[in-house]
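Trainee: Hey, I'm new to this one. Could we go through its aromatic rings together?
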Amino acid sequence: MEWLGLALLALVGAGIILTGLPAAVVLVAVATLGAILGIASGTIEPATLGALSTRLINLFENDLLQALPLYVTMGLLLDRLPVADALYRTSNAILPRKPAAPLVSGMLLGALLGPMNGSVGASVLGLSRVVAPRLAAEGIPAANRQALVAVASTLGVLVPPSLVLILLSDAMLSAHTIAVTTTGRSDRVINTQDIFHAALLPGGLFLVLCLGLSWIAGRNAAHLPAREKLRAGEALLAAVALALLILLLGGVTFGYFYAVEAAAMGAFTMLLTGLGTGRLRLEALNKLLGDAIALTGALFALLLAATTFTMVLRLLGTADLVGRIVSSIPGGDITAVAIVLALIGISAFVLDAFEIIFVIVPIVIPPLLIRVADARWVAVLVLLTLQASFLLPPFGYALMMVRGVLKEPVAFRAMLRALAPFLAAQWLLLLVVLAFPQLTHTGQSPADSTRLPATPMSDAEFNKRLQEMIQIPELPDLEDQNRK
Amino acid sequence: MRAGRDVTIVLRSIDRVIGWLVASAKWLALPLITLLFLQWPLRDLVRAWSREANDLGQIAFALFVALSVTAATRAHTHLAADLVSQRYSARTRTWLARAGAALGLLPWAGFVLIASRPSVIASLRIHEAFQDSGNPGYFLIKIALWIMASAVIGQALVDIFRSDAR
């Protein structure tokens, strides 16, 4: 029945596309079908399904997931407050008055907003509102405007501490724990901060490439941008926002506070600013919090549904099957990683980044990390693949969202032409990081490097440990719980 | 005829109760943001009450996300791909939504409710505390699972019989 899991995975993809139902609904419906077939065939013991409640309760008490509502609220607050506008206008005023300046400012704003609001969707909304109309006024063609907003919105994926990065870190932590325990390697299990550090250099390189490409693309703009008349209040707001961003980013990177605390600081500061300046009165706050709970629910429902679905796949033995498939890929580490990344890339045609993190990563990454020891490298490659998935024409999430928000008809060919240099830069970076893993190890302590077990493990022992690790945990003893 | 009217009244009541719960739960975002913000100064500057802020924040988070799932359903913010389905008639889309609620959400939430019963009841009976800090209130996190499942069931019933409920 282990192959049934792969059929269920395909059914999820087909169900999402053909029914138009929420991915969470499709996942729980297919998981229910899988559980019924598993029980009917004798593969699944009905009692083992009881572990689902423990797994779901774990999500309700997960410290890292507390970042979800914080980031969502921050994104909504950024959209209500004039922070993005002030940052964009200040950047335009500082940059030399050249035709490309508005495009470069738009890209910079994307890099600044990304970590502050965490999600690609919130960045698209913010940049579409602030940057797109100004680019239109400067005579930048619609295809270039849309391409810039889409690319700039995905910069937050690589720049810590973004929501995608935090959620992937959580998934990588679980996957690496399985890999380390299974292989007996004496590695320290990677955490959110390790992945932040690993992503810094590739993220910085991509930002530099994007700024350069924006500069080149903007050289053909119709005319020089209007001289920016910046008010003192706007400049002050931009300076404070920039200082806060550097404080949060630096604090998280150097370990002064956790990513969730940084998100809470950002949300709290913006909330106070909104209330203090009178821009967030009771009615607006009521609407903002209504949007925040609904958007948080969309992500949390997906997480609950994916947890249910992946548990059914494990009970059907599909995780074990995927483990065997990954371990049998011929060639070295790079080949194995490239094939798994290609699988994630193909999934991106049907699933968005959050669905990939919650459904695909827990299935394919643990066996990959059993084979490939470098978890930081794998994490950054997955991040780059996810970022590419947002821009994958024609259905990439960022592209679809930009088209939906800006509502400007742009021919697919024109859009592809405007996007092509950025896509080429993205794929080039992916290949460079694939070929040079050391790019993800800047500033890493030698103590964190991988150490093989003193005694090589036999195949039988390896398989036994793998089986133990991928088994569903038993229902916790109530006596144990009572001791809490 | 009368039975049909009674069902309609019950469903409308469920809809109103869920609407009220969701509208109330959204305000939990404010204490959640405040408590998680306070963690760092309490831990590094005051050097006290940080665990308490964390535990209270966890409770606020659990209750907030428990109702957020249904809030997303009511606000139609769930992640979905409508490239193909936008070509379907409104009637087909309505039936698909009802089928999704009846065959997906309802059995799943029902199972969660039943499977978690021993754990939640035991936790409630002893007023289970947080393991690390010993602070009271951990049982509220387990109850949040029931709140989530109950709200999903209620909303699924309303959505399946939507034309009768509203």
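Predicted model: local features only at pLDDT ≥ 70, side-chain atom pairs only at ≥ 80, totals over all residues.

Trainee: Why is the pair of F268(A) and F37(B) stacked?
Mentor: Their ring centres are 4.0 Å apart and the planes sit at 10 degrees, so the pair is stacked; planes under 30 degrees apart count that way.

Trainee: And where do those two sit?
Mentor: This pair crosses between chains: F268(A) is in helix 12 (residues 259-276) of chain A, and F37(B) is in helix 2 (residues 29-46) of chain B.

Trainee: Buried or exposed, F268(A) and F37(B)?
Mentor: F268(A) is buried, and F37(B) is buried too.

Trainee: What about F300(A) and F61(B)?
Mentor: Their centres are 6.2 Å apart with the planes at 85 degrees, so that pair is edge-to-face. It also runs between chains, from helix 13 (residues 282-315) of chain A, which holds F300(A), to helix 3 (residues 50-75) of chain B, which holds F61(B).

Trainee: Are these buried or exposed?
Mentor: F300(A) is buried, at a relative accessible area of 0%. F61(B) also counts as buried, with 0% relative accessibility.

Trainee: Which rings are linked into a cluster?
Mentor: Ring pairs join F60(A), F300(A) and F61(B) into one.

Trainee: Switching topic, what lies over the face of W95(B)?
Mentor: That's R98(B), 5.2 Å from the ring centre.

Technical notes:
Residues numbered from 1 in each chain as written. Chains lettered and ligands numbered in written order. Heavy atoms only, no water. Phe/Tyr/Trp six-rings, centres within 6.5 Å; stacked < 30°, edge-to-face > 60°. Helix = DSSP H or I, 4+ residues; strand = E, 2+ residues; numbered from the N terminus. Buried < 20%, exposed > 50% of the residue type's maximum accessible area, 1.4 Å probe, protein only. Lys NZ or Arg CZ within 6 Å of the ring centre and 35° of its normal.
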